[in-house]
Amino acid sequence: MPLVLIALDDTLLDRSGAFRLWAKGFLDEIGAAQDDLDWLLSVDADGLTSRWDLADLIRDRYQLAVPSIDLVEELHEGPLAFEKLDPMVGCALQIAGDAGLVPVVVTNGQADIQDSRIRRTGLDRYVADWVISERAGVSKPNPRIFALAAQRVRMRLGGAWVVGDSPEADIGGAAAMGLPSVWLHRGREWVDNRFAPTKVVGNVIQGISAIMAAAR
């Protein structure tokens, strides 16, 4: 059974869902219209926007007097209160591990934040290890971060699968290494003509099942 290199945000953990729940409460708290939810989700860009830049956008739009550093802290900590590991995802990882798959989280982001999320949600009990870009000194889609993940569990990178929702960071990284991949479409169409995922699924549970089926 192969090594499985899995993304964290919107793959193993529903980062977007947690941010949406936080955003609804935040808009209520500052007296903003719920119609602004789409704007806030858009400028967040699935977490790709710098928290400092997002804080500035929010302060400017709503003329908030709160210091930027306090708003940045809220943007980091607020959504975490709503983030939980789906028990079915934990079950799928347990079944995969029992079947011989070796799941390793490979994620971009700040080490302390990503560490905290993995441990606080209990995800650490279901994966063999994890590699975070800030600590590794290299980010997806650079093949080096995937190679570091394989080294962490003393496995060869050849034959590994890459699973994630990002066309560039996850599927692009897999393509650069010649590895098979599973893309979580999240309602999107694949539009990149440079490379393509090996399999397309709706969620990580389906992705793990597809890998197990292919490995038989």
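I began with Glu 77 and asked how open it is: in this predicted model, Glu 77 has 48% relative accessibility, so it counts as partly exposed. I placed Glu 77 in helix α4. I then found it listed in a negative surface patch, along with Glu 29, Asp 70, Glu 73, Glu 74, Asp 112 and Glu 134. Helix α4, residues 68-77, gives the patch its largest share, four residues.

Next came the salt bridges, and I noted 14 of them in the structure. I looked up Arg 15 and Asp 44, whose side chains meet at 2.5 Å, N to O. Arg 15 belongs to helix α1 and Asp 44 to helix α2, so this pair ties together parts 29 residues apart in sequence. Are these two buried or exposed? I have Arg 15 as buried at 11%, and Asp 44 as buried at 2%.

My next pair was Asp 46 and Arg 186, with their closest N and O atoms 3.1 Å apart. They link distant parts of the chain, 140 residues apart: Asp 46 is in the loop between α2 and α3, and Arg 186 in the loop between β5 and β6. I put Asp 46 down as partly exposed at 35%, and Arg 186 likewise as partly exposed at 31%.

I also checked the α2-α3 loop for Thr 49. Thr 49 is buried, at 19% relative accessible area, and its side chain reaches the backbone oxygen of Val 43 at 2.6 Å.

Last, I jotted down a salt-bridge network that links Asp 9, Glu 83, Arg 117 and Arg 120.

Note on methods: Residues are numbered from 1 along each chain as its sequence is written. This is a predicted model: local features need pLDDT of at least 70, side-chain atom pairs count only at pLDDT 80 or more; totals for chains, interfaces and linings use all residues. Side-chain values use heavy atoms; hydrogens and water are left out. Patches are made of residues with over 30% relative accessible area and no salt bridge: like charges are joined within 9 Å, nonpolar side chains (Val, Leu, Ile, Met, Phe, Trp, Tyr) within 5 Å. Accessible areas come from the Shrake-Rupley method with a 1.4 Å probe; for residues, only the protein chains shown count as cover. A salt bridge is a side-chain nitrogen of Lys or Arg within 4 Å of a carboxyl oxygen of Asp or Glu. Lys and Arg count as positive and Asp and Glu as negative; His and the chain ends are not counted. The place of a charge is taken as NZ of Lys, CZ of Arg, CG of Asp or CD of Glu. Helices (H or I, at least four residues) and strands (E, at least two) are DSSP runs, numbered from the N terminus. Buried means under 20% relative accessible area, exposed over 50%, partly exposed in between (1.4 Å probe, protein chains only). A polar contact is a pair of N or O atoms within 3.5 Å; within protein, one must be able to donate a hydrogen and the other to accept it, and residues adjacent in sequence count only if both atoms are side-chain atoms.
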